[in-house]
Amino acid sequence: VNTWAMPLPVLRRPAVRLEPVDLSALLGYFVMVSMVLNVARTPPEPAPGIALHGYDPVAYFKGGQPVIGQAQFAVTQGDATYRFVSDANLDAFASDPQRYLPQFGGFCAFGVSVGLKLDGDPRVWRIVDDKLYVLLSEDIRQEWLKEIAGNNGKAETNWRTLADQAP
């Protein structure tokens, strides 16, 4: 018997009855799925960073030196978390944050004056006209000190565009 010549059985599909589709419901479903997928792809907002590498901004003014703050004395201002050595310093900051905030978001004042957003070293600083300026290094501070007014004027102008840019 030649098995190649045998006819194959005919397979029949069961009858499928198509129902009318509600296009608005289908569209709504796709919109919902799209929204869920977009939410899943959107990264969460970052937690506020630790400002001044954890140094207390009020200590520069009250004690004349940088002092590391403590986590239990912290407050968020904008998108930065500031730490303080005591409740008294935290309260002073909370009552007048603009007085104690480092200029240019704590970035190097000289860097900002030349159009760069460089991390400031909170151990290299200077208070000028009752404002706290942080600089990148001691060498940079010496360069900045040669022309404070001119450098700060340039930095103020540059900060308008640099402030919202990533470092």
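Which members of the largest nonpolar core touch the most other members?

Modeller: First, the basis. The model is predicted, so local features need pLDDT of at least 70 and side-chain atom pairs count only at pLDDT 80 or more, while totals for chains, interfaces and linings use all residues. Residues are numbered from 1 along each chain as its sequence is written, and side-chain values use heavy atoms, with hydrogens and water left out.

The largest nonpolar core holds 18 residues, of which Leu-52, Tyr-60, Tyr-82, Phe-84, Phe-93 and Leu-132 touch the most other members. A nonpolar core here is a set of buried Ala, Val, Leu, Ile, Met, Phe, Trp, Tyr and Cys residues joined through side-chain atoms within 4.5 Å. Buried means under 20% relative accessible area, exposed over 50% and partly exposed in between, with a 1.4 Å probe and protein chains only. At least two residues of this core come from each of α2 (57-62), β3, α3 (87-95) and β5. Helices (H or I, at least four residues) and strands (E, at least two) are DSSP runs, numbered from the N terminus.

Take Tyr-60: beyond its neighbours within four places in sequence, Tyr-60 is in contact (heavy atoms within 4.5 Å) with Leu-52, Tyr-55, Gln-65, Pro-66, Pro-122, Trp-125, Ile-127 and Leu-132.

Strand β3 (residues 80-84) also pairs with β2 (residues 70-77), antiparallel and over 5 bridges; pairing requires at least two DSSP bridges. Ala-74 faces Arg-83 of β3. The hairpin leaves 2 residues between the strands, and Gly-78 there has a positive phi near 65 degrees.

A separate core of 14 residues includes Ala-109, Phe-110, Trp-144 and Ile-148. Ile-148 belongs to helix α7, where Asn-151, Asn-152, Ala-155 and Leu-162 are buried as well. The cover over the buried residues of α7 includes α5 (109-113), β4 (121-128), β5 (131-135) and α6 (138-145). Helix α7 itself runs over residues 148-162 and reaches 19 Å from its first C-alpha to its last, close to the 21 Å expected, taken as 1.5 Å times one less than its number of residues.

The aromatic rings come next. There are 8 aromatic pairs in the structure. Rings of Phe, Tyr and Trp (its six-membered ring) pair with centres within 6.5 Å; planes under 30 degrees apart are stacked, over 60 edge-to-face and the rest tilted. Phe-107 and Trp-159 make a tilted pair, at 6.1 Å centre to centre and 45 degrees between the planes. This pair links parts of the chain 52 residues apart, with Phe-107 in the loop between α4 (97-100) and α5 and Trp-159 in α7. Phe-107 counts as buried because its relative accessibility is 16%.

Tyr-133 and Trp-144 are also a tilted pair, at 5.3 Å centre to centre and 45 degrees between the planes. Here strand β5 supplies Tyr-133 and helix α6 supplies Trp-144, 11 residues apart. Tyr-133 is buried at 4% relative accessible area, and Trp-144 is buried at 0%. Together with Phe-104, these two pairs form one aromatic cluster: Phe-104, Phe-107, Tyr-133, Trp-144 and Trp-159.

For the whole chain, 31% of the 167 residues are buried. Of the contacts with a separation of 6 or more, 55% join residues 24 or more positions apart. The secondary structure amounts to 7 helices and 5 strands.
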